[in-house]
Each structure stands twice: as structure tokens, then as C-alpha cells.
Amino acid sequence: PLRRQRQMCIRDSILRDIRNTDKSIAEIATSYGFATASYFTVFCKQYFGMTPSELRRRSKQTATKCRE
């Protein structure tokens with residue numbers, strides 16, 4: 001359904017912002033309408049299996065390995 005597709009697009013956008021911008025986690029959370037960064041963290045753990053900080057750290061580690 002359309003709602004599910006929209007949710008997937010939002011999740012993809014959130015992942016892209018976490019991985020590819022220098023915005024703080026709080027800024028990203030606010031830009032997607034989350035009331036608090038802690039609720040955003042709960043959301044990320046539920047959908048991605050890790051916190052926003054973990055997602056960012058892992059994407060940077062992967063990028064570093066790819067350059068080696």
C-alpha cells in the first residue's frame with residue numbers, strides 16, 4: 001500500500017541523512033518530525049537494529065575500509 005511505500009521512503013531518507021550529512025542526530029530527528037532525539041533513537045533501533053550514532057559510525061568505518 002501507499003502508506004507502507006511512504007514509510008520506506010522516509011526510512012531510506014533518514015538513513016541517507018545519518019550516513020551522508022554532518023547534521024547532528026538531534027537536527028535529523030527534528031527535521032523528520034520526531035519530538036525528541038531519544039524517541040528518534042528508539043525508532044532507529046526498531047527499524048535499523050542500531051542507534052543513529054551506531055549507524056553513522058559503521059558507515060564511516062565502511063567508507064574508510066573501501067578507501068584502503
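Here we go through the model feature by feature.

Author: This is a predicted model, in which local features need pLDDT of at least 70, side-chain atom pairs count only at pLDDT 80 or more, and totals for chains, interfaces and linings use all residues. Residues are numbered from 1 along each chain as its sequence is written, and side-chain values use heavy atoms, with hydrogens and water left out.

Reader: What is the mean pLDDT of the chain?

Author: pLDDT is the predictor's confidence in each residue, from 0 to 100. Here the chain has a mean of 91, and 91% of its residues reach 70 or more. Among the elements, α2 has the highest mean pLDDT (97), while helix α4 (residues 52–67) has the lowest (82).

Reader: How many helices and strands are there?

Author: Helices (H or I, at least four residues) and strands (E, at least two) are DSSP runs, numbered from the N terminus. This chain has 4 helices and 0 strands, in the order α-α-α-α from the N terminus.

Reader: Which residues have the most contacts inside the largest nonpolar core?

Author: A nonpolar core is a set of buried Ala, Val, Leu, Ile, Met, Phe, Trp, Tyr and Cys residues joined through side-chain atoms within 4.5 Å. Buried means under 20% relative accessible area, exposed over 50%, and partly exposed in between (1.4 Å probe, protein chains only). In this model the largest such core has 13 residues, and Ile 14, Ile 18, Phe 40 and Phe 48 have the most contacts inside it. At least two core residues come from each of α1 (2–20), α2 (25–31) and α3 (37–48), and α3 gives the most, with 4 residues.

Reader: Is Gln 7 buried, exposed or partly exposed?

Author: Gln 7 is found in helix α1, and it counts as partly exposed because its relative accessibility is 34%. Over the chain, buried residues make up 29% of the 68 residues.

Reader: At what angle do α1 and α3 pack?

Author: Axes are lines fitted to C-alpha atoms, for helices over the stretch in contact, and angles run from 0 to 180 degrees between N-to-C directions. For α1 and α3 the angle is about 110 degrees, with the axes 12 Å apart. That makes α1 roughly perpendicular to α3, a label for angles of 65 to 115 degrees.

Reader: Which residues meet there?

Author: Contact means heavy atoms within 4.5 Å. Arg 11, Ile 14, Leu 15 and Ile 18 in α1 meet Phe 40, Phe 43, Cys 44, Tyr 47 and Phe 48 in α3.

Key:
Parallel < 35°, antiparallel > 145°, perpendicular 65-115°, else oblique.
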